[in-house]
Amino acid sequence: MTNIIEKVREFMKDEGISYLLVNSANRYLEEYTPLDENSRYFLTGFTGSTGDVLITPENIFLFVDGRYHIQADQEVDHKLVTVVKLQTGQIFLDELAKKIPQGEMLGIFSKKNSQKRVEYLQNKGIQLKYFDNDFISKDAVYDSTNVVKIEGISVEEKLKNINYDGAVLITNPEEVSYLFNLRDFSKNYSAKIRSKALIINKRARLIDEIDDFVESFTGNIFVDKSTINAYDFALIGNKVKILENSPIKLMKSVKTDDEIKHYKEAFKRTDMAVKAIRDYIENNDNISEFDIAQQLEKEFKRFGAKSLSFKSIVAKDKNSALAHYSKCSKDEILKDGSLVLIDCGAYYEHGLATDITRVFVKGAPSELQKRVYTTVLKMFLNAYNFSLPCKGNETENAVDGFSIDEFSRKIYSENEIEGFVFNHGLGHGIGISVHEYPPNLSKNEMAKVEIKDNMCFTIEPGLYNEEHFGVRLENSCYMKDGKIRSFVHMNYEKKLIDFSLLSEQEKEWLKEFEVL
């Protein structure tokens, strides 16, 4: 790591810059970038899925959100890296901008930053210097031989109402995979293909790079600034036209009835895999986090999973306070009274990601474990049954994720437990990727978007204390006729519930999850 830092410092000196942004993303701007394509990982040793680095003359700043505060502290060398712990509601780019003096230039790798991010920084008064190629890590060559076709609405049907005077360039891999009904199950943690797409005159074709097309095409090229990288945006030049929202993104976010039907079946099998792992924990002694993770993958495959939708989180005791703990250690052995958090999911035939989190305890739970578990359960039940006040026969307005998140936090504020924090958003959209937008459930402005019928999302409140443990309870859900419904029917742990802390209404709501 020291050698890489020295190499980067030398590069900055040669290029005449004092500040450099190093990303966790690859050129497809993927959230879950493999570590061998993740420059930030090579620079800091931090393995989290998100979190970028600012190199300054005196320091290396790693910016992480609440999910990764503890993990980042554990993984980085604090003599070399300073962890900046973003609090709920703080915006990474705002905090980054505060560390760059007026008039200084920031170097960025143009293929690893969206045009939207670039313009945000420019609006902050920051001068940017582009570097086309990131020498810290190299993008892997994509092998397309494993791509398979799935059933779904035809490309022609999806495009029939898309009318633009020119070409539409789609650069988000999930959107491309959705548009062409293509999936790649060859590797864990992803089902999408890596490609771009061009839509012209209601016809679409796949494309790897856009250089030749841009040079020969004389019309307008419409792009989504939140998903196109700055390199491609600059390449298009004065031919560019801005999409307020990608039409494929909006289409993809509202699942078809067939996709909802598939999801119901996929979650039946997900429930069975999680139930099997609960039985495994109950009936076996001297098992480790690693043993549980290995067995869990076997259970998913036994019930027909093509691959995992993300690396399973299996975290016991203090490790469960790390919202996105990823080690699954062989040395962490469950003992009597051990609490274990399991966050997992898989892909099945249709290539839509499942996602569920449950918490178990080996033997008898402590009173604190029961209190925290029950409080998180209260937060979930109230969020899940959230509804807006009515005016006559209609609600005041559409349900959005911001309001649901706010309501869940209100429930916690009325039942607060000293030392335990809820430091992440309440939920996220799900689909081809395990994290999609829209919808979103959080304190962010992006969550102030209507959750429409057949949109799919998680509700996952959590409470964490690094000296004790963490509890997160997550159901993947969908909206139907203005009401939230759950794909997940895996029950909650009765021995972890303090029923005296539940209201009669909450006890009634809980009955929906007693079938397994």
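In this predicted model, Thr375, Lys378, Met379, Asn382 and Ala383 of helix α13 are in contact (heavy atoms within 4.5 Å) with Ile404, Phe407, Ser408, Ile411 and Tyr412 of helix α14. Helices here are DSSP runs of H or I with at least four residues, strands are runs of E with at least two, and both are numbered from the N terminus. By class, the contact has six nonpolar, three polar and one charged residues. Ala, Val, Leu, Ile, Met, Phe, Trp, Tyr, Cys and Pro count as nonpolar, Asp, Glu, Lys and Arg as charged, and the others, Gly among them, as polar.

Two packed helices are described by the angle between their axes and the distance between the axes. Axes are lines fitted to C-alpha atoms, for helices over the stretch in contact, and angles run from 0 to 180 degrees between N-to-C directions.

| Helix pair | Residues | Angle | Axis distance |
|---|---|---|---|
| α13 and α14 | 367–384 and 401–413 | about 145° | 9 Å |

A further element is an open sheet of five strands with mixed pairing, in the order β11-β10-β8-β12-β13. Two strands pair if DSSP finds at least two bridges between them. The edge strands, β11 (203–207) and β13 (240–242), each pair on one side only. From one strand to the next, the twist averages 30°. Within this sheet, β8 (166–170) and β12 (220–223) pair in the parallel sense over three bridges, and Gly166 has Asn220 in β12 as its bridge partner.

Residues are numbered from 1 along each chain as its sequence is written. Local features need pLDDT of at least 70, side-chain atom pairs count only at pLDDT 80 or more, totals for chains, interfaces and linings use all residues, and side-chain values use heavy atoms, with hydrogens and water left out.
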